[in-house]
Amino acid sequence: MNKIFETPMYPYTRSPDQDAPVPVRHQVVIIGAGPVGLAAAIDLAQQGVDVVVLDDNDKVSFGSRAICFAKRPLEILDRLGCGQPMVDKGVEWDVGKVFFDEREVYTFDLLPEEGHRRPAFINLQQYYFEEYLVDRVRELQKEGANLDLRGRNKVSAVGTHPDHVTLEIDTPEGSYNIEADWLIACDGANSTLRAMLGKDFVGRVFEDNFLIADVVMEADFPTERWFWFDPPFNRGQSALLHKQPDNVWRIDLQLGWDIDKEREKRPENVIPRLKAMLGDDIDFELEWVSIYTFQCRRMEQFRHDRVIFAGDAAHQVSPFGARGANSGLQDTDNLCWKLKLVLDGKAPETLLDSYDVERVHGADENILNSTRSTDFITPKSDTSRLFRDAVLDLAEQYEFARPLVNAGRLSVPCTYDGSPLNSADALAGPARTRPGSPCLDVPLGDGFLLQELGDRFTLLTIDAEAPDEIVEDGVTVTRLALSVKDDPTLALKERYLGDAESGVYLIRPDQHVAARRATYDDNLFRAAIRRATGKE
Amino acid sequence: MSDLTLTPNIDNADDFYADLLEAHEGLEKSDSEALNARLILILANHIGDRQVLSQALNAAAFKMEE
Ligand SMILES: Cc1cc2nc3c(=O)[nH]c(=O)nc-3n(C[C@H](O)[C@H](O)[C@H](O)COP(=O)(O)OP(=O)(O)OC[C@H]3O[C@@H](n4cnc5c(N)ncnc54)[C@H](O)[C@@H]3O)c2cc1C
C-alpha cells in the first residue's frame with residue numbers, strides 16, 4: 001500500500017484569521033486543494049495575488065484517480081514552475097493497442113510531432129501530481145508568496161455580496177469566518193458550493209459501472225495503452241490496462257449496470273477478476289480499488305458574480321479521453337491572468353465573462369468527445385452494438401475503419417474559436433496558430449518557445465519590426481523578436497508563418513493567440529490588446 | 001441541392017440485387033445484420049463526402065430535404 005495518500009500533506013494548523021476580531025478579507029479564496037485548486041493557487045500566487053486555499057481534507061487524492069496527463073497541461077505546469085518533476089517521474093507513452101474478443105485488432109502510435117519540449121502524454125498517479133503541486137506551493141511560500149494552504153478547513157456556508165463573498169469555515173478547533181474579493185470553487189464533482197448556491201449541474205449519467213483497480217506488479221507488459229472490447233476475461237464488457245510509475249498498473253473493468261457495488265469492491269471478488277485478466281502466474285498487490293459510475297455534465301454558467309467555478313465542480317466527463325484534470329488545468333490557465341488584471345484594476349470585471357465563454361466551449365468539446373467514447377464503449381442499443389462490433393471487425397482487416405474505433409479520444413487543447421477576445425485573423429498563416437489557439441512549441445537554441453511566453457502579454461515578431469514594449473491602458477506587452485533563422489528545424493516557420501514572409505502575434509498570458517498579422521500596425525494592435533482584455 | 005444520386009445508377013441492377021441476396025444466403029439473422037453493418041461502413045467510407053452521407057441517411061429515413 002502506497003503511503004503517500006495516507007500522509008497529511010497540509011495538516012491543520014491554526015491561522016491568525018481564526019483569532020481576528022473581524023473577518024479578514026483576502027483577494028482570492030479557493031475552495032479545494034485538488035489538482036485544479038492547487039494550480040489556481042500557484043498561478044495567482046506567482047503573480048503576487050493574496051490567496052488562501054481551503055480543503056476539508058489534509059491529504060493528496062486518495063488513490064490515483066487521474067493517470068494520463070497530456071502535453072498542454074504539462075506546458076501549463078511548466079509555466080507554473082512544476083512541469084519538470086511530473087515529467088521526470090511520469091512514464092511517457094505513445095503506443096496503444098486495441099483488442100476485440102481474443103484478437104488484437106490494431107495498434108496506434110500517437111507519433112508525437114518533433115520539436116516540442118513536452119511529450120504527447122505521461123502517466124502519473126494523481127497523488128504524485130498533487131504532491132508536486134503542494135511542493136511548488138511550499139517553494140512559493142519560502143519565496144515569500146502570500147499563499148496559505150489550510151487543511152481540514154471545510155467551507156460550511158457562503159454569503160454572496162455585490163463586491164465580496166463571506167465564508168464560514170469549520171475546523172477541528174471550531175468555526176471562523178473570512179471574506180474574499182473573489183471565490184474560486186474547485187471543490188470537485190460533488191461541489192458543496194454549487195449545492196449551497198443552488199446551481200444546476202445538468203447532463204447525462206451513463207448507466208454503467210467500472211471497477212478501477214491500481215495493482216502493483218512486476219510484469220513485462222510494455223508501456224502501452226491496451227484496451228479490450230468484449231475480451232474472454234470480461235465478456236460483453238471492456239477492459240483497460242495502462243502503466244504508471246513504480247510498477248503500478250491501472251486496470252479498468254467495465255461491470256455493467258445491475259451490480260452490487262460494495263460486493264464487487266471486496267478483494268475476494270476483485271482478485272479473481274484480475275487473475276482472469278492477467279493470468280494465474282502473475283503476482284500482484286492491490287493498491288487501490290474503486291467503483292465508478294460516469295457522468296458527462298456541466299453547469300450552465302461557470303461565473304456567478306464573485307464566485308467562479310473551475311474543474312470538476314464546473315464540469316464532469318467520463319474518464320475515457322483523460323479530460324478531467326487536463327481540462328481543469330486549462331480552466332485555471334484561462335482564469336488566473338484575467339482575475340489578476342481585474343484585481344489590479346487594469347481590466348473590467350466583464351473580462352471574466354470571457355472565462356465563461358471560453359471554458360464552457362472547452363467543456364462542451366470535452367463532453368461531446370467523452371460522450372461519444374462512452375457510447376462506443378457502452379453501446380446503448382442492439383443496433384449501436386452491431387455497428388460498434390462491425391467497426392472493430394473491419395478495423396482488423398481494413399485501415400479505413402480504424403479512425404472509427406473510439407476507445408477514448410485523448411485530451412487535446414481547446415482552441416477558443418469565436419471568443420470575444422480574439423481579433424479577426426489577418427495573417428494567411430497556418431490554421432493551427434489562428435487566433436484562439438494555444439501557442440505551439442518550437443525548439444529555440446537550447447530551449448523552447450513556450451518557455452519565453454506566458455504570465456504576461458507578449459508580442460511575438462517573426463522577421464518583423466515592432467516596438468519593444470507597448471503599454472495600452474495599463475496593460476504592458478513585451479516583444480519577443482525572432483527570425484525563422486533562429487530555428488534550423490524550420491518548425492517556427494512551419495507552425496507560425498506557413499507561406500507568409502513575416503508575422504506578428506499578440507499572445508495572451510495563458511499562451512493563447514489573441515491576434516496576428518503579417519506586420520506591426522500600432523492602431524490595430526492596440527485595438528487587439530483592448531479587445532483581449534475585455535475593453536472592446 | 002443534392003449530390004446524392006437517387007436515380008438509377010447501377011449497371012445490370014438485377015445482377016447486383018442477386019449478389020446482395022446471395023451474400024446473405026444461409027446466414028443466421030445476426031450474421032446477416034453484421035454483414036449489413038459492415039457493408040454500410042465500407043460503402044460510407046467509399047463515398048466519404050459527409051454531405052452526401054447526410055443526404056443518404058435522410059433519404060433512407062424518408063426525411064424530406066428542406
Ligand atoms: C477513475 C478515474 C480516472 C481518471 N483519469 C483521469 C485521467 O487520466 N486524466 C485526467 O485528466 N483526469 C482523469 N480523471 C479525472 C480527475 O481525477 C478529476 O478531473 C480531477 O481530480 C478534478 O480535480 P478538481 O481539483 O477539480 O477536483 P478534486 O480532485 O475532486 O478536488 C476537490 C477538492 O475539494 C475539496 N472539498 C470539497 N468540498 C469542500 C468543502 N466544502 N470545503 C473544503 N474543501 C472541499 C475536496 O476534499 C478535494 O480535495 C479521472 C477520474 C477518475 C474517477
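**Sheets, helices and ligand surroundings in a predicted chain**

G474(A) is partly exposed, with a relative accessible area of 33%, where buried denotes a relative accessible area under 20%, exposed one over 50%, and partly exposed a value in between, calculated with a 1.4 Å probe on protein chains only. The model is predicted, so that local features require a pLDDT of at least 70 and side-chain atom pairs count only at pLDDT 80 or more, whereas totals for chains, interfaces and linings use all residues. Residues are numbered from 1 along each chain as its sequence is written, chains are lettered from A and ligands numbered from 1 in the order in which they are written, and side-chain values use heavy atoms, with hydrogens and water left out.

G474(A) belongs to the loop between β25 and β26 (475-482) of chain A; here helices (H or I, at least four residues) and strands (E, at least two) are DSSP runs, numbered from the N terminus. Although G474(A) and G345(A) are 129 residues apart along the chain, their C-alpha atoms are separated by 8.8 Å.

Strand β13 (residues 209-217) of chain A has eight of its nine residues buried, so the rest of the structure largely encloses it. Eight bridges connect β13(A) with the antiparallel strand β16 (residues 248-256) of chain A, in which D252(A) stands opposite I212(A). The pairing of β13(A) with β17(A) is also antiparallel and extends over eight bridges, with W288(A) in β17(A) as the bridge partner of D214(A). Elsewhere in the sheet, four bridges join the antiparallel strands β14 (residues 225-229) and β15 (residues 238-244) of chain A, and F229(A) stands opposite S238(A) in β15(A).

The loop between α7 (267-278) and β17 of chain A contains D283(A), which is exposed, with a relative accessible area of 67%. Leaving aside residues up to four places away in sequence, D283(A) touches V216(A), M217(A) and E218(A), contact being defined as heavy atoms within 4.5 Å. D283(A) and F387(A), by comparison, are 104 residues apart in sequence and 38 Å apart in space, C-alpha to C-alpha.

Helix α9 (residues 351-377) of chain A has 27 residues and spans 39 Å from its first C-alpha to its last, close to the 39 Å expected at 1.5 Å a residue, the expected span being 1.5 Å times one less than the number of residues. Because 20 of the 27 residues of α9(A) are buried, this helix is largely enclosed by the rest of the structure. Helix α4 (residues 126-142) of chain A, with 17 residues, reaches 24 Å between its first and last C-alpha, close to the expected 24 Å. Twelve of the 17 residues of α4(A) are buried, among them Y127(A), F129(A), L133(A) and V137(A). Just after α4(A), G144(A) adopts a positive phi of about 95°.

Of the 30 residues around the ligand, those that come nearest are D55(A), D56(A), R65(A), T192(A) and D312(A), a residue being near if one of its heavy atoms lies within 4 Å. An oxygen atom of the ligand is 3.0 Å from a polar backbone atom of V36(A), and a nitrogen atom of the ligand is 3.0 Å from a polar backbone atom of V155(A). An oxygen atom of the ligand also lies 2.9 Å from a backbone N or O atom of A325(A).

Notes
Two strands pair if DSSP finds at least two bridges between them. A polar contact is a pair of N or O atoms within 3.5 Å; within protein, one must be able to donate a hydrogen and the other to accept it, and residues adjacent in sequence count only if both atoms are side-chain atoms.
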